[in-house]
Amino acid sequence: MTGHAKAGRPNQFLRNLNSKIASIPMILTAVVIFLGGTIWTVVYSFTNSKLLPRLSFVGLDQYYRLWAAPRWIVSIENLAIYGIFSMIFSLVIGFVLAALMDQKIRFENTFRTIFLYPFALSFIVTGLVWQWLLNPEFGIQSVVRSLGWTTFNFDPLYTPSIVIYGVLIAALWQGTGLVMCLMLAGLRGIDEDIWKAARVDGIPMWKTYLFVVIPMMRPVFITTLVIIASGIVKVYDLVVAQTSGGPGIASEVPAKYVYDYMFQAQNLGQGFAASTMMLVTVAIVVIPWAYLEFGGGRNRV
């Protein structure tokens, strides 16, 4: 009986065959371009390539030079500061805004559009806007001083020790709206009966969010974290538009380091080494996410 059932069951490989055939170009593109390009970059990071790629292997020399470069160390420090605060504030502000929007307020669509609008702008536009707003001559500092607070100082883009926080402000302004929409979609997916049961049991709203709603929104939080993290690792145009890496090298980030060495300093080997380190950073983010989304879920079942 069991053997007959197996014989009559269609081959798993032949299921959705048309869809699998249609996906072949996409699979080939991913394998040839993305995987091939990644392998090519890693291989040439061990070479002494300058203006053009050449297979002149120098071992780990490029990596030794990379981690001995003060500019790269500053880039990593800035990325860590920017990344940690960006994740924390994006999630907290986005979730709070989503929770407020979920209260069935009037003009919800209008507010949602206003909060999401900055995400529609390019990072270059956002960077230029906030470069103007944070300019001490005619930005926020100038406006506040004109109101009577003559000792007020707010010029993060011109202070090396806090310049990365000026970049962070612009990034939060642009990206928090997207996080809010993702969180709002997750909140709207919570069964209404859960809210009713919490109210009947007399559970305070903040406890309902903290101990019931947020754990149920785990997949939403994981996906949001991956989206935020991928944007953090590749941040480039926002920095270029606001500070160009200045003052000095105070706001350098890894993506700008890669670009400058590959296309301006004409040192492809060093650029490839930095790119490989960025790839490692992405892998550190993506692999745990893939495990939590796929491997971890199967184990729990």
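In the predicted model described here, the end C-alpha atoms of residues 272–292 lie 30 Å apart, and this span is 100% helix and 0% strand, with helices (H or I, at least four residues) and strands (E, at least two) taken as DSSP runs numbered from the N terminus. Because the model is predicted, local features need pLDDT of at least 70 and side-chain atom pairs count only at pLDDT 80 or more, whereas totals for chains, interfaces and linings use all residues. Residues are numbered from 1 along each chain as its sequence is written, and side-chain values use heavy atoms, with hydrogens and water left out.

Residues 272–292 are one of the spans to which UniProt, in an unreviewed entry, assigns the feature "transmembrane region", the others being 21–46, 79–101, 113–133, 162–187 and 208–233; such annotations may be inferred rather than shown by experiment, and their positions are given in the numbering used here, with feature names shortened. Over residues 79–101 the chain is likewise 100% helix and 0% strand, with its end C-alpha atoms 31 Å apart. The UniProt annotation "domain: ABC transmembrane type-1", also from an unreviewed entry, covers residues 76–291, a span that is 73% helix and 0% strand and whose end C-alpha atoms are separated by 26 Å.

Helix H5 (residues 70–101) packs with helix H12 (residues 218–233) at an angle of about 145°, the axes being 10 Å apart; axes are lines fitted to C-alpha atoms, for helices over the stretch in contact, and angles run from 0 to 180 degrees between N-to-C directions. The contact (heavy atoms within 4.5 Å) involves Leu79, Tyr82, Gly83, Ser86, Met87, Ser90, Leu91 and Phe95 of H5, together with Phe221, Thr224, Leu225, Ile228, Ala229, Ile232 and Val233 of H12. These residues divide into eleven nonpolar, four polar and no charged, where Ala, Val, Leu, Ile, Met, Phe, Trp, Tyr, Cys and Pro count as nonpolar, Asp, Glu, Lys and Arg as charged, and the others, Gly among them, as polar.

Valine 167 is found in helix H9 (residues 163–188) and counts as buried at 1% relative accessibility, where buried means under 20% relative accessible area, exposed over 50%, and partly exposed in between (1.4 Å probe, protein chains only).

The loop between helix H13 (237–242) and helix H14 (254–264) contains glutamate 252, which is buried at 3% relative accessibility. Its side chain forms a polar contact of 3.2 Å with that of lysine 256, a polar contact being a pair of N or O atoms within 3.5 Å, of which, within protein, one must be able to donate a hydrogen and the other to accept it, while residues adjacent in sequence count only if both atoms are side-chain atoms. Not counting residues up to four places away in sequence, glutamate 252 touches Arg71, Val74, Ser75, Asn78, Gly245, Tyr257 and Asp260.

Proline 247 lies in this loop between H13 and H14, and a cis peptide bond with omega of about -5° joins glycine 246 to proline 247. Serine 244, in the loop between H13 and H14, has a positive phi of about 55° although it is not a glycine, and counts as partly exposed at 48% relative accessibility.
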